[in-house]
Amino acid sequence: MLWVGLAILPNLAASVALSAPAVPRFVDETDAAGIQSRFDGDWEYTVGGGVAAFDCDGSGLPSLFIAGGANRSKFYRNRSARGGALKFVTERAGLELTSTLGAYPIDIDGDGVTDLVVLRVGETLLMRGLGDCRFERANERWAFQGGNQWTTAFAAAWLGDEARPTLAFGTYIDRSRQDFPWGNCTDNQLVRPAPGAGVAFTAPRPLKPGHCALGMLFSDWNRSGAPALRVANDREYYKGGQEQLWHIAPGSEPRLYTEAEGWKPLQIWGMGIATTDLDGSGYPAYYLTSMADNKLQVLAHGSAQPEYRDVAFARGVTAHRPFAGGDVHPSTAWHAQFADANNDGWPDLFVVKGNVGNMPDFAMLDPSNLLLGGPDGKYIESATEAGLVNYQRGRGGLLVDLNGDGLLDALIVNRWDRAKIWRNVGAGSAAAPKGMGHWLQVRLRQEGGNRDAVGAWLEVEAGGRVQRREQVIGGGHASGALGFLHVGLGDATTARVRVLWPGARPGDAALTSPWFEASADRSYVLDRRQGLVP
Amino acid sequence: MIARVFLVLLLAGVGRSYAQGAPPDAGRYSAAVATEWFRLVLPAIQQTPGQSPPVAARTLAVLGLGLYESMVAGMPGRHSFAGQLNELESLPEAQPDEPLHWPTVANATLAALTRMLLPNAPADWMARFDALERNMPVAQPADFNPAERTAEVIIRSETHGRLLAMALMTWARTDGGHDVLGSRRVRLDASYVSPSGLGAWVPTPPRFARPLLPNWGTNRPFMKGLEKCDPPGPPRYDETPASPFHREADEVHRISVHPTEEQRRIALYWADDPGKTPTPAGHWAWILTDLLRDRKADLATAAERYARMGIAMSDAFVATWRVKYAVNLLRPVTFIQLAFDANWVPPLMETPAFPEYPSGHSVQSGAASAVLEAFYGRDTAFEDRTHNDRGWGPKRFKSFRAAAEEAAASRLYAGIHFRSAIEHGTAQGRCIGSRALGLSTR
């Protein structure tokens with residue numbers, strides 16, 4: 001009997017090996033790519049340190065805005081060759097700003113040119129895109145009051161039939177109370193579009209109580225067709241705070257979800273938010289970063305109530321201490337993002353980490369995580385094998401295709417250190433990149449004010465299952481991208497694609513596009529009138 | 001079939017291996033880590049600037065709560081206090097797959113909390129904190145078996161303990177009681193103006209000091225609903241000689257002029273002055289510590305008892321201070337000098353610099369005794385060794401209630417409280433103690 005058992009073991013091992021996700025290779029190209037940014041500064045720059053990626057010149061490749069903290073922020077125009085090495089050129093774009101913490105791209109005025117929301121210590125800036133990567137301050141033009149707060153989080157959504165976005169700003173600590181920051185979080189702000197045909201905003205309304213927000217995300221948690229606002233809050237400084245979920249509807253006062261509605265109080269050092277349809281249920285799961293207390297939340301009892309259970313341990317994404325480097329202290333996690341780094345059709349999780357400053361009880365050598373997902377729902381830490389190694393004090397970051405090859409490249413902004421950028425060369429090398437699984441990239445387009453169809457759900461059917469992407473603006477930590485939605489296809493060479501346009505519930509035929517046939521390894525525009533266009 | 005049998009055997013083997021390797025729960029270890037820390041912290045409180053009685057009670061409460069919460073995952077069948085206490089909804093949980101060594105967790109938690117709660121401790125005490133944390137495994141070999149403490153387990157246990165301590169302190173810092181010596185707090189308290197009027201408290205001789213911590217009653221208490229324990233209020237202020245109020249003043253005066261030797265001794269024994277003793281809350285924590293040691297309690301039991309008693313005592317102070325400054329009643333010395341003996345001062349001690357009603361000692365002792373009764377029984381006799389080093393002990397009591405009543409009465413004997421403040425205060429304290437006992441852990 002024993003030999004029978006032993007004979008089984010190799011098969012079990014083989015089975016395990018087969019299920020292990022393929023590890024993509026990342027090559028550090030910071031110097032060669034021309035990225036020369038540092039996020040510096042003292043107390044008011046302990047948080048933030050974001051990056052924004054967006055196509056501002058019609059090249060199809062995202063350029064970059066990197067926050068500088070006490071340094072000036074920088075704009076980098078993308079000059080990468082498709083499929084080639086990463087190459088950026090610093091340009092004066094009107095985005096050379098002081099006291100910046102992060103930024104999110106968004107087409108506020110619906111002119112098809114991406115604008116930028118810049119979060120700062122001080123006045124928040126709406127930077128209007130002029131085309132060809134030129135920007136100008138538009139606070140006055142759009143009647144936007146940028147305040148003078150410590151603004152650390154942002155999310156936007158087009159609510160109901162409104163042609164302009166509703167903007168939510170998360171703020172941190174009262175800047176006048178640095179002597180005793182505890183219990184001195186400031187109110188968050190909700191900025192609604194003003195009535196009328198033009199682009200204008202009403203005065204900010206407080207989202208009370210504020211609990212030192214470091215992450216915000218409008219997301220349709222129950223697929224009702226209307227998003228709610230999630231806020232990740234930092235327990236370090238709030239008094240009686242917790243994670244929040246807000247009802248935000250046009251014409252109604254914002255209202256917090258209550259325990260009576262199923263919302264369960266949770267207190268963590270909330271730093272950032274990532275979302276994905278984790279299990280194909282059609283409902284978004286949320287990953288919340290914290291200090292050694294990260295959560296992966298899925299609905300506990302269906303979509304009737306926003307009650308979540310934590311499956312971080314079950315899925316292998318607790319990421320609560322360094323996986324390499326020998327530092328044994330707890331981790332500090334900031335930016336988080338679900339994306340398919342190896343194009344195997346299963347979402348992976350990118351978690352940017354770094355000590356707040358010199359906190360002795362937390363890891364100083366705190367490498368960022370690349371957790372590769374697989375069909376069994378478990379995640380495998382793979383950053384070291386992938387070469388995506390960052391031991392600096394990471395803050396913001398992105399996984400985004402910077403050279404149009406369908407492989408997601410990586411960028412991390414570090415406090416008190418240089419930002420770093422890596423090219424994903426798949427199964428190959430820097431000299432000879434090689435794809436892994438197949439992929440598809442889709443950019444959503446529609447007429448009207450919400451040109452990028454924020455709030456829509458992209459569905460891609462391939463390999464016998466459907467993957468979904470929610471088009472959002474917000475989340476992560478002070479970092480965001482706007483452009484193509486990326487979907488890994490694994491072995492599938494074709495896929496069917498459709499979109500549930502903003503406001504749609506699942507099954508809402510009037511707001512759902514037909515299925516379109518798509519070939520793998522291509523980028524498409526899915527236009528509401530024209531359909532799927534290569 | 002054969003493969004299935006093999007798989008069953010394989011899984012059974014895994015199960016056995018896990019069972020053999022599973023960490024013992026906290027109840028298997030002695031309470032030594034906890035009691036050693038409290039034995040060090042109590043004298044440290046005595047010598048740390050700013051640790052006045054209300055502040056010291058808060059210090060002990062956060063320590064006890066942190067001890068419990070850091071080990072709750074190692075106490076099967078018990079759950080966290082989070083969700084039951086004001087504004088504390090959740091705390092970091094131990095990772096299910098990472099075995100922890102609970103004495104190591106407790107040691108790390110208490111060390112981290114002690115440093116954060118006593119940041120003004122003199123340097124020699126800071127060195128003692130470091131030494132206790134470092135030497136604990138050597139001093140308590142029975143609880144720190146090297147076979148259970150691999151390098152990885154030690155690291156995980158220490159980091160979990162420190163993380164929990166940090167999370168708890170992020171909450172504690174916002175209760176209004178943090179940083180009492182900080183400029184913000186000093187400014188706030190300095191701006192307090194005592195209400196004036198008939199029967200209102202005024203600074204008392206000989207120092208005529210400003211009121212102590214006038215905003216302490218606005219602190220966030222640990223528990224909800226403390227107002228339900230509020231006392232009914234003192235007798236109506238009345239300078240008429242036969243009035244109930246005047247009669248209470250007469251009693252204070254009479255006892256103070258002709259105290260018995262026993263009354264003098266009791267007054268001094270329970271004075272528990274800051275700077276000279278571990279304060280009233282420390283006195284009761286000392287009693288609990290000795291009981292845990294004498295009865296060879298386990299670590300889980302000690303954690304829960306320190307937590308409940310600490311919460312009760314700290315909230316007793318917050319509730320007392322809230323009522324004191326709301327009622328704002330004058331002290332006996334003020335009334336007696338005004339009404340019938342212009343030269344009288346309390347003969348044994350100075351009158352504390354805050355309003356009279358209710359008696360803080362009485363509320364405090366009532367709360368502590370109610371909790372201890374629940375732990376050890378109503379009619380349990382015990383030995384109090386708190387003041388052994390001063391040559392005043394050990395002192396035996398027939399019950400915790402008897403000790404609490406003596407502590408309360410000591411303030412009457414000392415000439416600093418009226419009887420109503422004592423009797424109402426004791427009842428208020430017992431009510432608060434019962435609320436602490438009502439918190440759910442199972």
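Two residues are taken to be in contact when their C-beta atoms, placed from the backbone, lie within 7 Å. The structure examined here with that criterion is a predicted model.

Leaving aside neighbours within four places in sequence, Trp171(B) is in contact with Glu87(B) and Leu88(B). Trp171(B) has 25 other C-beta atoms within 10 Å and is therefore buried. Further along the chain, Gly182(B) lies 11 residues from Trp171(B), and the C-alpha atoms of these two residues are separated by 18 Å.

Helix H6 of chain B, which spans residues 151-172, also packs with helix H3 (residues 53-71) of chain B. The angle between H3(B) and H6(B) is about 135 degrees, and their axes are 10 Å apart. The crossing in which H3(B) passes H6(B) is right-handed. On the H3(B) side, the residues that meet H6(B) are Val62(B), Leu65(B), Gly66(B), Glu69(B) and Ser70(B). Their counterparts in H6(B) are His160(B), Gly161(B), Leu164(B), Ala165(B), Leu168(B) and Ala172(B). Sorted by class, this contact comprises six nonpolar, four polar and one charged residues.

Helix H4(B) covers residues 102-117, 16 residues in total. From its first C-alpha to its last, H4(B) reaches 22 Å, close to the 22 Å expected at 1.5 Å a residue. Of the 16 residues of H4(B), 14 are buried, so this helix is largely enclosed by the rest of the structure.

H4(B) and H6(B) pack at an angle of about 35 degrees, with their axes 7 Å apart. Their crossing is right-handed. From H4(B), the residues in this contact are Thr104(B), Val105(B), Ala106(B), Ala108(B), Thr109(B), Ala112(B), Leu113(B) and Met116(B). From H6(B), they are Ile154(B), Ser157(B), Glu158(B), His160(B), Gly161(B), Arg162(B), Leu164(B), Ala165(B) and Met169(B). By class, the contact of H4(B) with H6(B) divides into 10 nonpolar, five polar and two charged residues. Among the H6(B) residues named here, His160(B), Gly161(B), Leu164(B) and Ala165(B) meet H4(B), and these residues also meet H3(B).

The backbone of chain B has several features of its own. In general, most peptide bonds are trans, and most residues other than glycine have a negative phi. The peptide bond from Pro205(B) to Pro206(B) is cis, with omega near 10 degrees. Pro206(B) is placed in the loop between helix H7 (183-190) and helix H8 (244-257) of chain B. A cis peptide bond also runs from Tyr357(B) to Pro358(B), with omega near -5 degrees. Pro358(B) belongs to the loop between helix H12 (332-339) and helix H13 (360-376) of chain B. Asn328(B), although not a glycine, has a positive phi of about 55 degrees. This residue lies in the loop between helix H11 (299-327) and H12 of chain B. Asn328(B) counts as buried because 21 C-beta neighbours lie inside 10 Å.

Attention now turns to chain A and its contact with chain B. In this interface, 25 residues of chain A are in contact with 24 residues of chain B. Helix H1 (residues 2-19) of chain A gives the most to the chain A side, with three residues. That side of chain A has 11 nonpolar, eight polar and six charged residues.

Ala194(A) is found in the loop between strand E12 (188-191) and strand E13 (205-207) of chain A. With 15 C-beta neighbours inside 10 Å, Ala194(A) counts as partly exposed. Not counting residues up to four places away in sequence, Ala194(A) touches Ala143(A), Ala200(A), Phe201(A) and Thr202(A). Ala143(A) is 51 residues from Ala194(A) in sequence, with a C-alpha to C-alpha distance of 9.0 Å. Cys212(A) is placed in the loop between E13 and strand E14 (213-219) of chain A. Its phi is near 65 degrees, a positive value in a residue other than glycine. Cys212(A) has 32 C-beta neighbours inside 10 Å and therefore counts as buried.

Note on methods
Residues are numbered from 1 along each chain as its sequence is written. Chains are lettered from A and ligands numbered from 1 in the order in which they are written. This is a predicted model: local features need pLDDT of at least 70, side-chain atom pairs count only at pLDDT 80 or more; totals for chains, interfaces and linings use all residues. Helices (H or I, at least four residues) and strands (E, at least two) are DSSP runs, numbered from the N terminus. The expected span of a helix is 1.5 Å times one less than its number of residues. A residue is buried if 20 or more other C-beta atoms lie within 10 Å of its own, exposed if 12 or fewer, and partly exposed in between; C-beta atoms are placed from the backbone. Axes are lines fitted to C-alpha atoms, for helices over the stretch in contact, and angles run from 0 to 180 degrees between N-to-C directions. A crossing is left-handed if the near helix is turned anticlockwise from the far one by less than a right angle, and right-handed if clockwise. Ala, Val, Leu, Ile, Met, Phe, Trp, Tyr, Cys and Pro count as nonpolar, Asp, Glu, Lys and Arg as charged, and the others, Gly among them, as polar.
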